[in-house]
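Subject: A structure for you to look at

Dear colleague,

Please find below the sequence and structure that I promised to pass on to you.

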Amino acid sequence: MARSYARIDVQRFHDEDWRALTLPQKAVFDMMLTHPKLTLCGALDLKYGSLAGYSPDLDVDALSGILAALVDARFIAVDWDTDEAVIRTFVRHDGVLQNQ
């Protein structure tokens, strides 16, 4: 089942790690967090050309560097062999495990 919306935790603005990210890093993270193909466990196939195509000022090289910075900051984990990323706190913060 495809997601039709994403929950965004506004408390992240008080998080020092979040505030340390650059604006492009935050934008790419938000793009991943709200991507319609993000699975319910927080995984997303990294199709570099497709992801870079969402912004006219983002290219594959810049995207690669931003993803590496997000890994270093521990916001995402990436399997570079399969080009799949996982948003590390997605399940906890998105509420997908809550009974409705």
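Is Arg-74 buried or exposed? Arg-74 is exposed, with a relative accessible area of 59%, where exposed means over 50%, buried means under 20%, and partly exposed lies in between (1.4 Å probe, protein chains only).

Before going further, please keep in mind that this is a predicted model, in which local features need pLDDT of at least 70 and side-chain atom pairs count only at pLDDT 80 or more, while totals for chains, interfaces and linings use all residues. Residues are numbered from 1 along each chain as its sequence is written, and side-chain values use heavy atoms, with hydrogens and water left out.

The overall plan comes next. The protein has five helices and three strands, which follow one another from the N terminus as α-α-β-α-α-β-β-α; helices (H or I, at least four residues) and strands (E, at least two) are DSSP runs, numbered from the N terminus. Of its 100 residues, 35% count as buried. The accessible surface of the protein comes to about 6700 Å², and 53% of that belongs to carbon and sulfur atoms; such areas come from the Shrake-Rupley method with a 1.4 Å probe, and for residues only the protein chains shown count as cover.

Now to the sheet. Strands of a sheet pair through backbone hydrogen bonds, either parallel or antiparallel. Here three strands form an open sheet in the order E1-E3-E2, with antiparallel pairing; two strands are said to pair if DSSP finds at least two bridges between them. Because strand E1 (43-45) and strand E2 (76-79) stand at the edges with a single partner strand each, one side of each is left without a neighbour in the sheet. The twist averages 25° from one strand to the next, where axes are lines fitted to C-alpha atoms (for helices over the stretch in contact) and angles run from 0 to 180 degrees between N-to-C directions.

E2 pairs with strand E3 (residues 84-87) over four bridges, and in this pairing Val-78 stands opposite Ala-85, while Asp-79 stands opposite Glu-84. E2 also has two faces: Ile-76 and Val-78 make up the covered one, and Ala-77 and Asp-79 the uncovered one.

Helix H2 (residues 23-33) lies across E1, E2 and E3, and runs at about 95° to E3. Leaving aside residues up to four places away in sequence, Val-28 touches Leu-58, Leu-63, Ile-66, Leu-67 and Leu-70, a contact being heavy atoms within 4.5 Å.

Lastly, the backbone deserves a look at two places. Most residues other than glycine have a negative phi, and most peptide bonds are trans. Arg-74, in the loop between H4 and E2, has a positive phi of about 65° although it is not a glycine. Asp-83, which lies in the loop between E2 and E3, likewise has a positive phi, of about 55°, without being a glycine. Asp-83 is partly exposed, with a relative accessible area of 27%, and the hairpin to which it belongs has four residues between the strands.
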